[in-house]
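Here's a quick tour to read with the structure open beside you. Take it one topic at a time and find each spot as you go.

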Amino acid sequence: MDGTTMLRLEGITKVFPGVKALSSVSLAIGKGEIHAIVGENGAGKSTLMNILSGVFPPDSGRIIFDGKDVHLKDPREAQGLGISMIHQELSLAPHLSVMENVFIGRLKRNALGFVDYGKMRKMCIDSLACLGIESIPPDTKVGSLSVSQRQLVEIAKALSFDAKVLVMDEPTSSLTLAETEMLLAVMRSLKASGVSVLFISHRLEEVFEVSDRITVLRDGCLVKSMDRSEATVNEVVSLMVGREFERVFARAYREYSPAEKPVLEVRGLTSREKKLKDISFKMYRGEILALTGLVGSGRTELLQSLFGLDKIDSGAILVDGVERSIADPHDAIALGIGLVPEGRKDQGLFLEMSVKENISMAHLPSMSRHLFLNMQQERKATQTYVDNLNIKTPGMNQRVKFLSGGNQQKAIIARWLMNNPRILFLDEPTHGVDIGAKSEIYRIVDGLAQKGMSVLFVSSELPEVLTLADRILVMHAGSIVKELARDAADQEEIMRYATNQI
Amino acid sequence: MSDTSSIDKRAAVPGSTIRTLIRATTARKEFSVFVALLVLSIIVSLMSPYFLTVENIFNVLRQFSIIGILAVGEALIIITGGIDLSVGSLVGLSGILTGLFAGAGIPTLPLFFLVIIAGCLLGSVNGLLVTRIGINPFIATLGMLSIARGGALLITGGLPISVDNKINFLGDGYLGPVPVSAVIMFIVAIVGHIFATRTLPGRNVFAVGNNERAAKLSGIRVKSTKMMVFMIMGGLCALSGIILSGTLSSAEPTAGTGYELDVIAAVVMGGASLSGGIGSIIGVIFGAALMGVLRNGFVLMGVSAYWQVVAIGVVIIAAVSLDSLSSKKAGS
């Protein structure tokens with residue numbers, strides 16, 4: 001950092017209907033500085049980022065970029081100035097190719113004015129190579145990429161704007177460890193070339209690993225901005241939550257004997273379409289089983305196949321020792337299985353519907369008589385879960401799209417708890433959720449297991465896997481390559497199996 | 001809306017309940033179309049004293065009752081994220097079937113159910129094309145639009161069939177001063193509203209339109225839900241066909257031509273989103289009423305029929321623009 005200020009925010013305030021999202025936030029970002037913004041969900045981080053990248057204007061306050069007052073009308077203007085943003089919810093066009101997405105809005109043209117695909121392909125390969133990715137061909141349709149690959153494309157797109165300031169909203173939340181390391185390396189090289197990086201992250205390890213300055217937001221206010229060298233993890237965490245944080249979540253792990261009857265048993269499950277090969281495992285009552293591996297190793301596909309969303313070619317699924325055919329999620333639900341999917345907006349939420357309707361959705365058939373809904377029962381039952389899971393909402397009839405990410409996630413979890421399943425699948429349950437909500441979710445999951453529910457959860461975060469799981473299944477390229485007992489596992493061990501380096 | 005805010009202030013003194021009620025009412029999607037209907041009615045009644053006579057009001061009701069009935073079904077389809085362009089043709093074909101069956105001497109009650117079932121079956125064909133073969137609903141129902149109209153013309157050789165049966169009462173009958181078709185529309189609207197807001201399949205309609213994948217993951221049978229709304233639409237087309245042929249005691253093979261546009265316009269003006277997930281039955285009835293009053297107003301003022309066509313287009317665009325602008329404002 002050479003000490004000059006690249007971007008300065010003064011007294012930024014933003015009010016949404018019913019919520020003061022930001023109140024008089026002032027902040028300075030130096031040239032070539034990596035600046036981390038941390039805070040719980042709803043602290044105002046995303047709002048700040050959106051203002052900075054021109055998505056919406058602040059109600060009051062100034063943005064001074066490179067010494068000049070700027071009024072950002074839209075993201076395009078911000079990009080033109082050199083402020084590029086990578087959103088938490090990716091904004092790529094699924095039917096277009098990778099390179100078209102990277103150059104969207106400014107496709108390269110040849111002398112005749114036609115789109116110059118050759119040139120774009122080359123530039124796209126170069127910018128992906130900057131990120132150290134050779135595995136994504138520029139002609140692939142974005143819709144066929146995994147979430148993490150899309151994230152990388154989004155980053156490549158932002159980098160290709162010759163950004164002076166790169167704003168990243170949780171860039172690593174869906175990346176694997178190796179991909180995260182790569183991204184952090186990219187951030188460092190950007191810094192070396194004088195680009196300022198402003199990023200939101202819930203992963204404090206990487207915040208401390210890479211950033212120069214750390215700013216803590218809480219309830220829309222800037223609590224503290226400090227150099228990384230002055231900060232400690234415990235201090236940052238307690239500033240975020242406003243109280244001392246109980247760091248380690250410990251649960252009473254469960255021992256099981258091989259003589260026990262499994263609640264769920266999978267034998268030789270194979271799906272050519274979803275690239276799953278000969279998957280077998282057992283799950284016992286009250287057990288928390290982790291399913292981990294690199295993104296793209298087939299974890300999500302396995303959960304969704306078990307849930308009846310995708311057809312399987314061969315293999316058997318046994319529930320309580322009885323072989324069952326699960327051809328539709330409806331069948332899975334009838335057998336007492338629930339699935340909290342990854343990607344809240346894509347697969348979980350009914351955005352235009354109320355919090356109440358979102359929570360009750362899977363349980364409605366049991367709350368209706370002759371197809372008529374028992375609305376009083378619905379209201380009461382949902383209220384219970386809103387209270388129990390501490391879902392922060394102004395009311396049951398609030399549309400769910402106005403809730404913060406953590407509360408949306410809790411609403412989806414509530415949807416499945418209300419159904420009282422015996423087997424619960426969770427796909428990246430704490431993805432993009434702050435530390436406070438995360439430990440709440442851990443507690444909820446632990447409580448469910450205590451009551452006898454069997455939980456199978458997919459996670460890329462190894463500390464989370466090690467904290468929660470009784471047993472760990474590691475996947476690689478569509479197969480389960482290893483089953484590890486919790487006490488025999490550590491991060492390196494899991495990574496070795498996940499990358500198949502045994 | 002200056003009077004709304006003054007009510008607001010007065011209500012704030014005794015308590016906030018009325019205030020919240022007002023806010024909840026004005027925030028509803030139906031509110032803007034209701035205000036538009038009110039304003040338009042006031043303008044028309046000022047221009048023509050005849051507008052507010054009992055006779056004329058029932059006349060207006062009778063005129064838009066078919067569009068209202070069809071709009072209820074179309075709203076359900078649009079809320080699931082689909083669309084049905086074949087409604088006008090299905091109305092025409094159902095009318096022809098009514099004439100044929102009546103001509104074959106089938107008594108009134110079996111005749112009624114026979115035509116309704118035929119309509120449901122025709123609607124199911126749309127549903128099957130969309131859910132089983134996976135054709136985009138716009139295309140599937142566009143095909144059906146042509147097939148059903150062609151069918152009606154083939155059956156009749158292009159000539160009208162006279163209908164001589166008590167079933168015509170549904171189209172030309174009155175209960176006291178009230179046209180039977182208007183009564184039917186209100187029944188359809190009330191049943192439709194209850195269906196949409198208080199039943200399980202109704203809730204599923206909204207869920208499917210909001211997020212199809214999440215709906216599937218929540219155990220909702222997405223295909224059956226879509227199938228159901230197309231079937232309901234077919235049944236309502238049949239009901240409308242019976243009413244329409246009853247009005248004239250004659251089934252015309254070209255009856256109902258162009259209805260799909262009025263119906264979709266009513267649904268959209270009533271606050272439904274063409275991208276699915278949003279809409280209300282009360283809103284679409286207001287939307288249908290708005291178009292009815294507009295048409296009637298033009299007749300009363302003696303404006304050329306050609307101008308009516310233009311004006312209706314303008315009103316549709318204006319209503320939807322206002323709505324889209326106000327929701328943009330609320331969003332930012």
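## A first stop in chain B

B:I190 has 14 other C-beta atoms within 10 Å, so it counts as partly exposed. You'll find B:I190 in helix 9 of chain B, which runs over residues 180-198. Keep in mind that this is a predicted model.

**More on B:I190**

- Along the sequence, B:I190 and B:V72 are 118 residues apart.
- In space, the C-alpha atoms of B:I190 and B:V72 are 9.8 Å apart.

**Chain B as a whole**

- Chain B has 15 helices and four strands.
- The radius of gyration of chain B is 21 Å, which agrees with the value near 20 Å that a compact globule of 332 residues would have.
- Along the principal axes, the C-alpha atoms of chain B fill a box of roughly 70 × 55 × 35 Å.
- How much of chain B is buried? Buried residues make up 50% of its 332 residues.
- Take the contacts in chain B between residues at least 6 apart in sequence: 78% of them join residues at least 24 apart.

**Helix 4 of chain B**

- Helix 4 of chain B covers residues 54-79, which is 26 residues.
- From its first C-alpha to its last, helix 4 of chain B reaches 35 Å, close to the 38 Å expected at 1.5 Å a residue.
- Where is the kink in helix 4 of chain B centred? Look at B:F64, where the kink is about 45°.
- Helix 4 of chain B is largely enclosed by the rest of the structure, because 20 of its 26 residues are buried.
- Just after helix 4 of chain B comes B:G81, with a positive phi of about 95°.

**Where the two chains touch**

- The contact takes 26 residues from chain A and 19 residues from chain B.
- On the chain B side, the elements that give two or more residues are helix 10 (200-210) and helix 11 (212-217).
- Helix 10 of chain B gives the largest share of that side, with six residues.
- By type, the chain B residues that touch chain A divide into seven polar, seven nonpolar and five charged.

**Chain A as a whole**

- Chain A is divided into domain 1 (5-241) and domain 2 (264-498).
- The centres of domain 1 and domain 2 of chain A, taken over C-alpha atoms, are separated by 30 Å.
- How many helices and strands does chain A have? There are 17 helices and 22 strands.
- Chain A has a radius of gyration of 24 Å, close to the 23 Å from the globule rule for 502 residues, so it is as compact as a globular protein of that length.
- The box filled by the C-alpha atoms of chain A is roughly 70 × 50 × 45 Å, taken along the principal axes.
- Of the 502 residues in chain A, 48% count as buried.
- Among contacts in chain A with a separation of 6 or more, 68% come from residues 24 or more positions apart.

- A:S53 sits in the loop between helix 1 (45-52) and strand 4 (60-65) of chain A.
- Is A:S53 buried or exposed? A:S53 has 25 other C-beta atoms within 10 Å, so it is buried.
- Not counting residues up to four places away in sequence, A:S53 touches A:P75, A:A78, A:I83, A:M85 and A:V167.
- A:S53 and A:V319 are 266 residues apart in sequence and 50 Å apart in space, C-alpha to C-alpha.
- A:F208 lies in helix 7 of chain A, residues 204-210.
- A:F208 counts as partly exposed, because it has 15 C-beta neighbours inside 10 Å.
- Leaving aside neighbours within four places in sequence, A:F208 is in contact with A:R228 and A:V233.
- A:F208 is 179 residues from A:I29 in sequence, and their C-alpha atoms are 17 Å apart.

**Positive phi in chain A**

- Most residues other than glycine have a negative phi.
- A:K275 is not a glycine, yet it has a positive phi of about 55°.
- A:K275 lies in the loop between strand 11 (264-271) and strand 12 (276-283) of chain A.
- With 14 C-beta neighbours inside 10 Å, A:K275 counts as partly exposed.
- A:E428, also a residue other than glycine, has a positive phi near 45°.
- The loop between strand 19 (423-427) and helix 15 (435-450) of chain A holds A:E428.
- A:E428 counts as buried, because it has 25 C-beta neighbours inside 10 Å.

Methods
Residues are numbered from 1 along each chain as its sequence is written. Chains are lettered from A and ligands numbered from 1 in the order in which they are written. This is a predicted model: local features need pLDDT of at least 70, side-chain atom pairs count only at pLDDT 80 or more; totals for chains, interfaces and linings use all residues. Two residues are in contact if their C-beta atoms, placed from the backbone, lie within 7 Å. Ala, Val, Leu, Ile, Met, Phe, Trp, Tyr, Cys and Pro count as nonpolar, Asp, Glu, Lys and Arg as charged, and the others, Gly among them, as polar. The expected span of a helix is 1.5 Å times one less than its number of residues. The bend at a residue is the angle between axes fitted to the seven residues ending there and the seven starting there. A residue is buried if 20 or more other C-beta atoms lie within 10 Å of its own, exposed if 12 or fewer, and partly exposed in between; C-beta atoms are placed from the backbone. Domain bounds come from an automatic or database domain assignment. The radius of gyration is taken over C-alpha atoms; the globule rule is 2.2 Å times the number of residues to the power 0.38.
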